[in-house]
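Please keep the sequence and the model in view while reading.

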Amino acid sequence: MTSISSSDSDAAQRRRRLTAAIKQSLRALSIQLSLLNHQVGARAGLNDVDLDCLDLVARHGPLSPSALAERAALHPATVTGILDRLERGGWVARERDPSDRRAVVVRARRERTRS
């Protein structure tokens with residue numbers, strides 16, 4: 001028969017409390033980051049999903065529209081509308097893919113997205 005000592009029980013309880021506190025802090029951080037992202041987008045005249053896609057293109061681009069749709073977990077038709085808005089705003093440029101002239105890649109316009 002095994003017995004759980006008081007110190008083992010206390011340690012397990014402390015671990016549960018710390019885990020709960022960490023989860024709560026992460027949720028609060030997530031909310032704060034979401035609000036900040038929304039404020040940055042509003043200041044730039046972009047909605048949240050457009051800003052997210054611009055960030056993906058700036059960090060991982062140039063990307064094909066289908067690669068962007070996959071990374072953003074969006075339907076390709078949705079990405080077309082997003083790219084139309086970002087291109088109209090001067091945030092991105094659609095260009096022919098140098099390795100396949102039939103394909104298009106999207107790149108962030110560095111002069112516009114420079115931090």
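Read along the sequence, the protein chain runs α-α-α-α-β-β-α, which amounts to five helices and two strands. Helices here are DSSP runs of H or I with at least four residues, strands are runs of E with at least two, and both are numbered from the N terminus. The model is predicted, so local features need pLDDT of at least 70 and side-chain atom pairs count only at pLDDT 80 or more, while totals for chains, interfaces and linings use all residues. Residues are numbered from 1 along each chain as its sequence is written, and side-chain values use heavy atoms, with hydrogens and water left out.

The overall form comes next.

Helix α1 covers residues 6–44, 39 residues in total, and spans 57 Å from its first C-alpha to its last, close to the 57 Å expected at 1.5 Å a residue. The expected span is 1.5 Å times one less than the number of residues. After α1 comes Gly45, with a positive phi near 80°.

Helix α2 (residues 48–60) packs against helix α3 (residues 65–72) at about 115°, with the axes 10 Å apart. Axes are lines fitted to C-alpha atoms, for helices over the stretch in contact, and angles run from 0 to 180 degrees between N-to-C directions. On the α2 side, Cys53, Leu56, Val57 and His60 meet Leu68, Arg71 and Ala72 of α3, where contact means heavy atoms within 4.5 Å. By class, this contact has five nonpolar residues, one polar and one charged. Ala, Val, Leu, Ile, Met, Phe, Trp, Tyr, Cys and Pro count as nonpolar, Asp, Glu, Lys and Arg as charged, and the others, Gly among them, as polar. In the loop between α2 and α3 lies Pro62, and the peptide bond from Gly61 to Pro62 is cis, with omega near 0°.

How does α2 pack with helix α4 (residues 76–88)? The angle is about 80° and the axes are 10 Å apart, which makes α2 roughly perpendicular to α4; that term covers 65 to 115 degrees. Val49, Asp50, Cys53 and Leu54 of α2 meet Ile82, Arg85 and Leu86 of α4. This contact of α2 with α4 divides into five nonpolar, no polar and two charged residues.

The axes of α3 and α4 come within 9 Å and cross at roughly 110°, and the two helices are therefore roughly perpendicular to each other. Pro65, Leu68 and Ala69 of α3 make the contact with Pro76, Val79 and Leu83 of α4. Its residues are six nonpolar, no polar and no charged. The loop between α3 and α4 holds Ala73, a residue other than glycine with a positive phi, near 55°.

Definitions and conventions:
Parallel < 35°, antiparallel > 145°, perpendicular 65-115°, else oblique.
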